[in-house]
Number of protein chains: 2
Amino acid sequence: MKTNEVLEKLRWRYATKVFDAGKKISGDVWEDVEESLVLTPSSFGLQPWKFIVVTDEVVKERLVEHSWGQAQVADCSHLVVLTALQNLNEDDIEKFIVDTHEKRGGELVALNPYKEMMNGFVGSMSEAEVNGWAKNQVYIALGQLMTTAAMMGLDACPMEGIVPAKYDEILGLEGGRYSTVLACPVGFRSEEDKHSGLAKVRYSRADVVERL
Amino acid sequence: MKTNEVLEKLRWRYATKVFDAGKKISGDVWEDVEESLVLTPSSFGLQPWKFIVVTDEVVKERLVEHSWGQAQVADCSHLVVLTALQNLNEDDIEKFIVDTHEKRGGELVALNPYKEMMNGFVGSMSEAEVNGWAKNQVYIALGQLMTTAAMMGLDACPMEGIVPAKYDEILGLEGGRYSTVLACPVGFRSEEDKHSGLAKVRYSRADVVERL
């Protein structure tokens, strides 16, 4: 893809304020969006996350009031709720090592140094720090999702402004190992959304990039 | 861009372990990478970051020992150091509001509710929380950078494994408002890098995506 085409897509995207509730993403395209979520990179490759895709209109409606009233949660085609694994531990690392071995073959013991490095990294942190680290990874997923959606010609609206505890309750995550971090409605912008015509507000390159 | 082409690029990318030190990204292409960094979305649009682009070979070499010895920092074409604004405050919000007004026109006072919402949001958090939030935004930038680089056919290697304080020292950030969070060498993979041929390790879609 030419670099200017990539930029064109990044300029085309914006945090969509009004979705066309009547326009739904086709099943085939959505499968590819999900696949892009699966492919998200993460620290050590540990993937400390789960993505909940909500299309149930009743559930979407219930989430609006816990999303600072933002109607995009209900009006989008597919709502992605990005959750983080809590208290990642040695068993999670073991599961990842087993999966690595299954996919790449070779001797399982050859992965011991990698496993020990990860155990050492996680073991050096408090629970709060481990959860903060997992949350950071979820923001990578959000970044990739927004960019990928733009490349695919889909609209999205990243949302920090939600009540994670209420999301957890409504999505049935309570008592489980995953907690809501972010929401990202995906779909198609409404022609009525005046925000799509507004100038993009970004600081100049000289303000945010420094060459050394 | 077709969705399967996007996936093809995401499968092509990997955390590059060995860069071809002799291959440099052209000036034109790099300008577009920087522009993609500028275009990164952030919460409220506040862009609490600065991106330091290091091509000075001496500086790159000095950073290797503070990057768990990872040679990619020196061998890449362009090293991007992603930094977060510390202690974002009302003046930063005012600056953003002024910039918004300059780019979009209209009445400045019309932006007051938006300004007050942001001040309320930031004011409700401790300094550590504000800095944690800014750090999260930097992870969005990392996600977009990795995805964008892949679309452009460039290789990259996200790195949490660095010593931020040492980076700050070497990059002259000490005493300033920005602190190092992450590094991301960008360039071209070496043909010698055996990691490019390894199977990608990701959990199955059934493991990480749940439909509701």
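Select α1(A) together with α2(B), where Thr3(A), Asn4(A), Val6(A), Leu7(A) and Leu10(A) of the one helix meet Val29(B), Asp32(B), Glu35(B) and Ser36(B) of the other. Contact here requires C-beta atoms, placed from the backbone, to lie within 7 Å. Helices (H or I, at least four residues) and strands (E, at least two) are DSSP runs, numbered from the N terminus. The contact of α1(A) with α2(B) divides into four nonpolar, three polar and two charged residues. In this classification Ala, Val, Leu, Ile, Met, Phe, Trp, Tyr, Cys and Pro are nonpolar, Asp, Glu, Lys and Arg are charged, and the others, Gly among them, are polar.

This is a predicted model, in which local features need pLDDT of at least 70 and side-chain atom pairs count only at pLDDT 80 or more, while totals for chains, interfaces and linings use all residues. Residues are numbered from 1 along each chain as its sequence is written, and chains are lettered from A and ligands numbered from 1 in the order in which they are written.

**The helix pair across the interface**

Keep α1(A) and α2(B) selected. Two packed helices are described by the angle between their axes and the distance between the axes. For this pair the angle is about 15° and the axes are 9 Å apart. α1(A) is therefore roughly parallel to α2(B); angles under 35 degrees count as roughly parallel, over 145 as roughly antiparallel, 65 to 115 as roughly perpendicular and the rest as oblique. Axes are lines fitted to C-alpha atoms, for helices over the stretch in contact, and angles run from 0 to 180 degrees between N-to-C directions. The crossing of α1(A) past α2(B) is left-handed, a term for a near helix turned anticlockwise from the far one by less than a right angle, with clockwise giving right-handed.

**The whole interface**

Next, select the side of chain B that touches chain A. Here 60 residues of chain B are in contact with 60 residues of chain A. The elements of chain B that give two or more residues are α1 (3-12), α2 (27-38), β1 (49-54), α5, α7 (127-151), α9 (205-208) and β5 (209-211). Colour α7(B) separately, as this helix gives the most, with 13 residues. By class, the side of chain B that touches chain A has 32 nonpolar, 13 polar and 15 charged residues.

**The symmetry**

Now display both chains. Chain B is superposed on chain A by a rotation of 180° with 0.0 Å of shift along its axis, at an RMSD of 0.0 Å. The two copies are thus related as by a two-fold rotation axis. The superposition is by least squares on the C-alpha atoms of residues with pLDDT of at least 70 in both copies. To locate the axis, select Gly143(B), whose C-alpha, at 2.2 Å, comes closest to the axis among the residues of chain B. Because 100% of the interface residues of chain B are also interface residues in chain A, the copies meet through the same surface.

Show the side chains of Glu90(B), Ile93(B) and Ile97(B) on α5(B), and of Lys115(B), Met118(B), Asn119(B) and Val122(B) on α6(B), which make the contact. This set has four nonpolar, one polar and two charged residues.

**Chain A as a whole**

Return to chain A, which has nine helices and five strands. Its C-alpha trace spans about 60 × 45 × 35 Å along the principal axes. Of its 212 residues, 41% are buried. A residue is buried if 20 or more other C-beta atoms, placed from the backbone, lie within 10 Å of its own, exposed if 12 or fewer, and partly exposed in between.

**Two loop sites**

Select Asp20(A), in the loop between α1 (3-12) and α2 (27-38) of chain A. With 18 C-beta neighbours inside 10 Å, Asp20(A) counts as partly exposed. Not counting residues up to four places away in sequence, Asp20(A) touches Phe188(A), Arg189(A) and Ser190(A).

Finally, select Asn87(A), in the loop between β2 (78-85) and α5 (90-104) of chain A. Its phi is near 50°, a positive value in a residue other than glycine. Asn87(A) is exposed, with 12 other C-beta atoms within 10 Å.

Key: Two residues are in contact if their C-beta atoms, placed from the backbone, lie within 7 Å.
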